[in-house]
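Please consult the sequence and the structure shown below.

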Amino acid sequence: MTLDLSTFLATHGAELTYLRRHLHQHPELGRAERETTALIARRLEAVGLRPRLLPTGTGLVCDVGDGDGPTIALRADMDALPLQDEKDVPYRSTVAGVCHACRHDLHTPVLLGVGLALAERSEQLHGRVRLVFQPAEEKVPGGSLDVIAAGELKDVTAIFALHCDPKIEVGRLGIRVGSITAASDLMEIRLSGPGGHTARPHLTSDLVYAISRVVADLPGALTRLIDARASITLSFGCVQAGSVHNAIPTLAVARGTVRVLDRSVWGELPKLIERVLEATASPLGCKWDIDYQRGSPPVVNDEAATLVMANAARRANGPQTVLTAPQSMGGEDFSWYLEEVPGSIARLGVRIPGTDLDIHAASFDADERAIPVGVRILAQTAVDALDHYREKGQPVST
């Protein structure tokens, strides 16, 4: 079934744009998206749907259609980032220090639009479409684990999502089979020693020197312990040691992230990092400790699901819609869904002409013309996926 959403978007397009601006003005951080959750729930209930609040208190799930067939999930994340909004626009954030700098405020109205459009056609669906309005994508651990823990993926056949990309023009969709984003973990390394006078570093453990060695040597050492094709990146964002000129401190701390595209290497990283720490810090007389916090594994898009989405995008928005997306070292907790069921996430073009912005920047904004594009693509993906997975094992033609 090829969807014609022209009438729907002409009727509801302004509402979806208004919702995006409202969410941008009233952003909420992860697992605090109460007003956002309530607003979406009310709108779905107004068309006769029955949203289910997640047990964690924010985020919701809602099924459209009840016919025989598979269940296809569509996900949008809702949380904002702890950044001050620096844009001079009428819909600038009204919450100090909180901003939708990753365009979840656009993901949410796109999925709502899909839900409203499919609700008008629910009797034509060959199965169910599950709308997943997910909290806390920016948190560690991510809100996708809340959805999974609630059992909302147990009967799902495949899952799909869009993520805004400011490097891609409006009207285009970036797809990729296999790893599209990296695993992203957090770590805090602590070195300790007795401290002492800077005039006599040989009588103590010079933690400032030791932590500098760790920060300088650990990233390069890891690249010699794993296959270069795994594409590992380790970066430190915070280093703290001491407070005065002439005293060697008793504690030094370095905090950073480690990212890798290879799923199997991701599993080995903590032990590899500990191996390098032992070789670097112990000879200098330091005691070391690491708090390694798992974020999420790489997002590995399923081939069949990715082809379903690509074909749907061409049907919904024209033959020139699809391009190949580059791999990103950014993290995305959509990966946890793909540990459970096949699926695919694609990059929706939102670039404002003449700009060179990036996500997670306080000045980032998106071209709102991408909203109807996203609705058309994601709705057609849901319909095509229901048909494809209803015929299990049937190949997808490109």
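The structure is a predicted model, in which local features need pLDDT of at least 70, side-chain atom pairs count only at pLDDT 80 or more, and totals for chains, interfaces and linings use all residues. Residues are numbered from 1 along each chain as its sequence is written, and side-chain values use heavy atoms, with hydrogens and water left out.

**Packing of H2 and H3**

- Helix H2 spans residues 34-45 and helix H3 spans residues 104-119; the two pack at an angle of about 15 degrees, with their axes 10 Å apart.
- H2 and H3 are therefore roughly parallel to each other (angles under 35 degrees count as roughly parallel).
- Ile-40, Arg-43 and Leu-44 of H2 form the contact with Thr-108, Leu-112 and Leu-116 of H3, where contact means heavy atoms within 4.5 Å.
- By class, this contact of H2 with H3 comprises four nonpolar, one polar and one charged residues.

- Asp-85 lies in the loop between strand S3 (71-77) and H3.
- Asp-85 has a relative accessible area of 1% and is therefore buried (under 20% relative accessible area, with a 1.4 Å probe and protein chains only).
- Apart from neighbours within four places in sequence, Asp-85 contacts His-24, Arg-92, Ser-93, Cys-99 and Ala-362.
- The C-alpha atoms of Asp-85 and Cys-286 are separated by 42 Å, and these residues are 201 residues apart along the chain.

Key
Axes fitted to C-alpha atoms, helices over the stretch in contact; angles between N-to-C directions. Helix = DSSP H or I, 4+ residues; strand = E, 2+ residues; numbered from the N terminus. Parallel < 35°, antiparallel > 145°, perpendicular 65-115°, else oblique. Nonpolar A, V, L, I, M, F, W, Y, C, P; charged D, E, K, R; others polar. Buried < 20%, exposed > 50% of the residue type's maximum accessible area, 1.4 Å probe, protein only.
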